[in-house]
Amino acid sequence: MLDFEIDWFEAGVYGGSIALVVLLTPFLQKMERTRGKTLWIHIVYAAVASAVLLLVPDTYQNLIFTETGVLVVGTIVPVYSSIVAVCTIDESDDVAWLQFWVASATFTYATEFVD
């Protein structure tokens with residue numbers, strides 16, 4: 001029999017993060033992609049992301065920004081969006097997610113040598 005204790009607070013933070021990401025994904029997918037041509041969108045995004053990082057308590061930050069937290073939250077959205085992209089008729093979203101996975105794999109592979 002396995003003998004381990006579940007940290008319910010940590011599980012709740014990871015579950016809440018995943019739920020938040022899953023709920024925000026459809027909203028973010030409806031936004032028009034500008035490929036960097038509209039600067040104000042990037043400024044608003046940076047301001048909101050900075051505000052969230054500053055306002056989130058340290059307890060949550062220490063859980064979310066661990067290797068496990070980044071792996072769990074940072075993998076769920078790309079996998080979900082890739083599956084949605086493959087199921088659509090339009091091929092442009094397939095290309096975008098293929099580029100994401102190639103870039104992600106390249107950075108992951110390259111960081112193995114840097115570490």
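Which residues line the second largest pocket? In this predicted model, the lining consists of E67, V70, L71, G74, T75, P78, F100, W101 and S104. The volume of the second largest pocket is about 190 Å³. Both α4 and α5 supply at least two residues of this lining, and α4 gives the most, with six residues. By residue type, the lining of the second largest pocket comprises five nonpolar residues, three polar and one charged.

The protein chain as a whole contains five helices and zero strands. The C-alpha trace of the protein chain spans about 50 × 35 × 35 Å along its principal axes. The radius of gyration of the protein chain is 17 Å, whereas a compact globule of 115 residues would have a value near 13 Å. Of the 115 residues in the protein chain, 13% are buried.

The largest pocket holds about 2200 Å³ of space. Its lining is made up of 44 residues, and those nearest the centre of the pocket are L24, L28, M31, Y45 and V77. Five helices each supply at least two residues of the lining of the largest pocket: α1, α2, α3 (58–64), α4 (67–87) and α5 (92–114). The lining of the largest pocket divides into 25 nonpolar residues, 14 polar and five charged.

A bend of about 30° occurs in α1 at L24, and a proline, P26, follows within four residues. L24 is also one of the residues that lie nearest the centre of the largest pocket. The buried residues of α1 are V13, Y14, S17, V21 and T25. In general, an α-helix has 3.6 residues a turn, so residues three or four places apart point the same way. F27 also has its place in helix α1. Is F27 buried or exposed? With a relative accessibility of 52%, F27 counts as exposed, because the cut-off for this class is over 50%. The C-alpha atom of F27 is separated by 15 Å from that of P78, and the two residues are 51 residues apart along the chain. P78 is among the residues that line the second largest pocket.

Two loop residues were also considered. T34 is located in the loop between α1 (8–30) and α2 (39–55). The relative accessibility of T34 is 18%, and T34 therefore counts as buried, the cut-off being under 20%. T34 and E112 are 78 residues apart along the chain, and their C-alpha atoms are separated by 33 Å. V56 is found in the loop between α2 and α3. A separation of 25 Å lies between the C-alpha atoms of V56 and M31, which are 25 residues apart along the chain. M31 is one of the residues nearest the centre of the largest pocket.

Methods. Residues numbered from 1 in each chain as written. Predicted model: local features only at pLDDT ≥ 70, side-chain atom pairs only at ≥ 80, totals over all residues. Heavy atoms only, no water. Buried < 20%, exposed > 50% of the residue type's maximum accessible area, 1.4 Å probe, protein only. Bend = angle between axes of the 7 residues up to and from the residue. 1 Å grid on protein atoms, 1.4 Å probe; cavity = no way out; pocket = protein on both sides within 12 Å on 5 of 7 lines; lining within 4 Å. Points joined across faces, edges and corners; volume = space filled by probe spheres on them. Nonpolar A, V, L, I, M, F, W, Y, C, P; charged D, E, K, R; others polar. Rg over C-alpha atoms; globule rule 2.2 N^0.38 Å.
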